[in-house]
Amino acid sequence: MSFISVFDVLGPNMIGPSSSHTAGAAVIAYLAQKMLNGSLKKVQFILYGSFAKTYHGHGTDRALLGGIMGFHTDDTRIRDSFQIAERQGLEYHFTINETETELHPNTVDIIMTNASGQTMSIRGESLGGGKVRIVRINGVEVDFTGEYSAVIVIHQDKPGVVAHITRCLSDRHVNIAFMRVFREAKGNTAYTIVESDDRLPVNITQSLKENHNVHEVMLVQP
């Protein structure tokens, strides 16, 4: 009898045995790497709940590593993500956190470092059926799914910044599906997340950066 790996099982748009533990994990990591500026050099995955308990057996580790390298959920390279990461010189670590239990059972923190030494942290939750939610960016509570084209603007919490963002989008005839503002505290760093039904124009990032209170802009296309 020949041995069949769980990663030889191809379901609808998915490599692996579990939509929550493999497909969802890959989607979270895929979205995370889309938010990082510059090339990824090092990544740490902190696993919670059932992710922490079954990550190796369900292939969550391979899926996370594949997603962070830009592989979609149905990309067969996920099966070989460890070897591919080593060939690319990507440093990666998996850490188990069993002390924080008041979280969604399929939660992962992804801490990324680019070639310039800048770090960025993302917390994601796998909700089942391959659907996910990003709930933290750099420690700030946020909420978006990655199902729509999105622009994430990191800016100072100052009057006029949100108006600048909406004006830039309006000038390019972008139809806003959802728009939410999250902030650390009044006057501190804020995150404005705009999701659109349509694919967002790439040049929107440059226009948004024209406001001196805008620190960074991330474009995440589904």
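Trainee: Where is His173 found?
Mentor: The model is predicted, so to speak of it requires its conventions: local features need pLDDT of at least 70, side-chain atom pairs count only at pLDDT 80 or more, and totals for chains, interfaces and linings use all residues. Residues are numbered from 1 along each chain as its sequence is written, and side-chain values use heavy atoms, with hydrogens and water left out. Helices (H or I, at least four residues) and strands (E, at least two) are DSSP runs, numbered from the N terminus. In these terms, His173 is found in the loop between α5 and β10.

Trainee: Is His173 buried or exposed, and with what relative accessible area?
Mentor: Buried means under 20% relative accessible area, exposed over 50%, and partly exposed in between, with a 1.4 Å probe and protein chains only. His173 also has a positive phi of about 60° although it is not a glycine. Most residues other than glycine have a negative phi. By the cut-offs, His173 is exposed because its relative accessible area is 73%.

Trainee: Which residues does His164 contact, leaving aside its neighbours within four places in sequence?
Mentor: His164 lies in helix α5, residues 161–171, and is buried, with a relative accessible area of 7%. Contact means heavy atoms within 4.5 Å. With neighbours within four places in sequence set aside, the contacts of His164 are Ser207, Leu208, Asn211 and Val214.

Trainee: In β11, which residue is the bridge partner of Met179?
Mentor: Strands β10 and β11 pair in the antiparallel sense over seven bridges. The loop between β10 (176–183) and β11 (189–196) holds Ala185. The bridge partner of Met179 in β11 is Val194.

Trainee: How far apart in space are Ala185 and Asp157, C-alpha to C-alpha?
Mentor: Ala185 is partly exposed, with a relative accessible area of 33%. In sequence, Ala185 and Asp157 are 28 residues apart. In space, C-alpha to C-alpha, they are apart by 8.2 Å.

Trainee: Which are the edge strands of the sheet of six strands?
Mentor: This open sheet has mixed pairing and the order β4-β3-β5-β6-β7-β8. Each edge strand pairs on one side only; the two are β4 (91–96) and β8 (140–144).

Trainee: What is the bridge partner of Lys42 in β4?
Mentor: Strand β3 (residues 40–48) pairs with β4 in the parallel sense over six bridges. Helix α3 lies across β3, β4 and β5 (106–114), running at about 145° to β3. In β4, Lys42 has as its bridge partner Glu91.

Trainee: At what angle do the axes of α3 and α4 cross?
Mentor: The axes of α3 (residues 60–68) and α4 (residues 81–88) come within 9 Å and cross at roughly 40°. The contact is made by Asp61, Arg62, Leu65 and Gly66 of α3 and Ser81, Phe82 and Ala85 of α4. The crossing angle is thus roughly 40°.

Trainee: Which residue in the turn of the β7 and β8 hairpin has a positive phi?
Mentor: Three bridges join β7 (residues 131–137) to β8, and the two strands run antiparallel; Arg136 stands opposite Glu141 in β8. The hairpin has two residues between its strands. The residue with a positive phi of about 50° in the turn is Asn138.

Trainee: Which side chains of β8 point to one face and are buried?
Mentor: The side chains along β8 alternate.

Notes
Axes are lines fitted to C-alpha atoms, for helices over the stretch in contact, and angles run from 0 to 180 degrees between N-to-C directions. Two strands pair if DSSP finds at least two bridges between them.
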